[in-house]
Amino acid sequence: MKTKYLYINTIGCQMNVYDSDKIANSLLSLNYKATENLKKADLIIVNTCAIREKAEQKVFSFLGRLAGLKRKKPGLIIGVGGCVAQQEGKKILERVPYLDVVFGTHAIPRLPEIVERVELKKSRIVDIGMTDQIVEIESVADSLENGPKGRKVSDFVTIMQGCDNFCTYCVVPYVRGRETSRSPEKIVNEIEGLVNSGVREVTLLGQNVNSYGKKEGLCSFSELLALVNEIDGILRIRFTTSHPKDLSDDLIYAFKENEKLCRHIHLPVQSGSDRVLKRMNRKYTRALYLEKIDKLRNICPDISITSDFITGFPGETKADFKETLDLIKTVEYEGLFAFKYSDRPNAKATLFAQKIPDQEKKERLKKLLDLQEVISRKKNQALVGSTQEILVEGFSKKMSSVLPRAGETKINESLPNNIQWTGRTSANKIVNFNLESSSVSCGETFTGSIVNVEIEKAFSHSLWGKYLKLEPAPLKGEESYAA
Ligand code: SAM
Ligand code: SF4
């Protein structure tokens, strides 16, 4: 069968990244090989996010760029998947006349069949059917060896889809459907497959991981973490996202009980004002949130805490925003993501009055980010002089001009004397460090191991360090996998 080329543009969150891997792997069955060269592609898929207006605008601007390509290559198939596809359905076909496929968030398992139909009949297809069941498709790991990206150290695993919380600003329940959890057996199997392909760190994904398994009567999320903690070869476990209202004592204690669970929690608060939190339907108060932060820090003093914020939610007064800034000063996050509020189709807040002018939303966003920048620098500065355990992810971005991408090739004689590597601490801080190329004969074995690095310099979004020869005692399951 002739090899065809697939180009995927993922415009979205970690869930989209995970789905893109599934898409690429499922299309291997039709002989589509991944390419990063748009012009070479026979099939272009845009995997989209509808969370914020900006992400959606990016999707249409990318699709606009494809018009010329399709004219030059009429056999080219173009598809849009993910949240924007789910939300807009066949309206996208009207807006983009050269588009062939629109497939929703629950249609990924059907994608090979859809593409085959387009190849044969040259028809345009829309599939945005949703179901309350998770349809399992071939594990990403099963075909990874021939897969699109080669070896990865860290990967995502979806443990649940959808959301039942209906925060008033959010589109997720409408585009990803009701909350549904995958069985622990499927999750463990998938992770074991990933370990075999070289993955050493997994991030368990769900919109509200704390309610994992509750509806279906499966095990609890903390029990799932304990199961994953037992998997040989996995060195680190992360998860996202945890909803503050459901953050249980069990999960807080999990940081103490599971040695592979990274000392980091992403706990999106969105606002520091009780009035705004109520209008957002977040179902917790500022006091309850701060109580949970205290508990986390009591149980796990070195835990790193990050969060999400929205500025300019409808009706947010200057006093409300001041409370948000005050919360940031009180908690002193390691880092945060902040977004200007945007109206989303179907989300309740779209109908709320007292919309905040864009300029004001922007100014509040800047103030918030400036404040966090100072805190992040201070927190990173405090790490200078400490020794950190780093999971090596590969060559740093700086090396891209002299080397192929991280984890993709072996070091050879033509390389510079010092190679710059990159990895992360348990607290999820990026650390770059140099190592003489002669010290490591094979990039593939150093990548994926945990090494000690002494921190020498701090920036607001990363750290710089010195590699220490002294290796830490192996973590559980590491013995047979370390370099
Ligand atoms: N499930 C997670 C939670 O409850 O915190 C959040 C998931 S959402 C995909 C990621 C972030 O996007 C949210 O935490 C929020 O800060 C932001 N977000 C969602 N809807 C938004 C909107 N309409 N405008 C601006 N930001 C939004
Ligand atoms: Fe959206 Fe709220 Fe669900 Fe998070 S918890 S995905 S913000 S509805």
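Predicted model: local features only at pLDDT ≥ 70, side-chain atom pairs only at ≥ 80, totals over all residues.

Tutor: Begin with the whole chain, then zoom in.

Student: How many helices and strands are there in the protein chain?

Tutor: The protein chain has 14 helices and 19 strands. Next, look at burial. Of the 483 residues in the chain, 57% are buried.

Student: What do the contacts say about the chain?

Tutor: Take contacts between residues at least 6 apart in sequence. Of these, 75% join residues at least 24 apart.

Student: Now a helix. Which residues of helix H9 are buried?

Tutor: Start with the general idea. An α-helix has 3.6 residues a turn, so residues three or four places apart point the same way. Now the case. H9 runs over residues 249-257, and its buried residues are Leu251, Ile252, Ala254 and Phe255. Because they cover an arc of only 145° around the axis, they sit on the same side of H9.

Student: Which exposed residues are on the face turned away from the buried side of H9?

Tutor: That face carries Lys256 and Glu257, both exposed.

Student: What covers the buried residues of H9?

Tutor: The cover includes two helices, H8 (221-229) and H11 (286-299). It also includes strands S11 (236-240) and S12 (264-266).

Student: How do I read the packing of H8 and H9?

Tutor: Look at the axes, their approach and their angle. The axes of H8 and H9 come within 9 Å and cross at roughly 20°. An angle under 35 degrees counts as roughly parallel, and therefore H8 and H9 are roughly parallel to each other. On the H8 side, Phe221, Ser222 and Leu225 make the contact. On the H9 side, Asp250, Leu251 and Ala254 make it. By class, the contact residues divide into 4 nonpolar, 1 polar and 1 charged.

Student: Now single residues. Is Thr168 buried or exposed?

Tutor: Use the cut-off: buried means under 20% relative accessible area. Thr168 has 6%, so Thr168 is buried. Thr168 lies in the loop between strand S8 (160-161) and helix H6 (172-175). Beyond residues up to four places away in sequence, Thr168 touches several others, including Arg279, Met280, Phe313 and Phe352.

Student: And Gln354, buried or exposed?

Tutor: Exposed, at 53% relative accessibility. Gln354 is also in a loop, between strand S14 (335-340) and helix H13 (358-381). Leaving aside neighbours within four places in sequence, Gln354 is in contact with Arg279, Pro314 and Gly315. Gln354 and Pro314 are 40 residues apart along the chain, yet their C-alpha atoms are separated by 5.4 Å.

Student: Where is Cys83?

Tutor: Cys83 is in helix H3, residues 83-88. Cys83 counts as buried, at 5% relative accessibility. Leaving aside neighbours within four places in sequence, the contacts of Cys83 include Thr48, Cys49, Val175 and Arg176.

Student: Last one. Which residues surround ligand 2?

Tutor: List the shell first, then sort it by class. Among the residues around ligand 2 are Cys163, Phe166, Tyr169, Gln207, His243 and Arg282. The shell has 7 nonpolar, 3 polar and 1 charged residues.

Methods:
Residues numbered from 1 in each chain as written. Chains lettered and ligands numbered in written order. Heavy atoms only, no water. Near = heavy atom within 4 Å. Nonpolar A, V, L, I, M, F, W, Y, C, P; charged D, E, K, R; others polar. Buried < 20%, exposed > 50% of the residue type's maximum accessible area, 1.4 Å probe, protein only. Helix = DSSP H or I, 4+ residues; strand = E, 2+ residues; numbered from the N terminus. Arc of directions from axis to C-beta. Contact = heavy atoms within 4.5 Å. Axes fitted to C-alpha atoms, helices over the stretch in contact; angles between N-to-C directions. Parallel < 35°, antiparallel > 145°, perpendicular 65-115°, else oblique.
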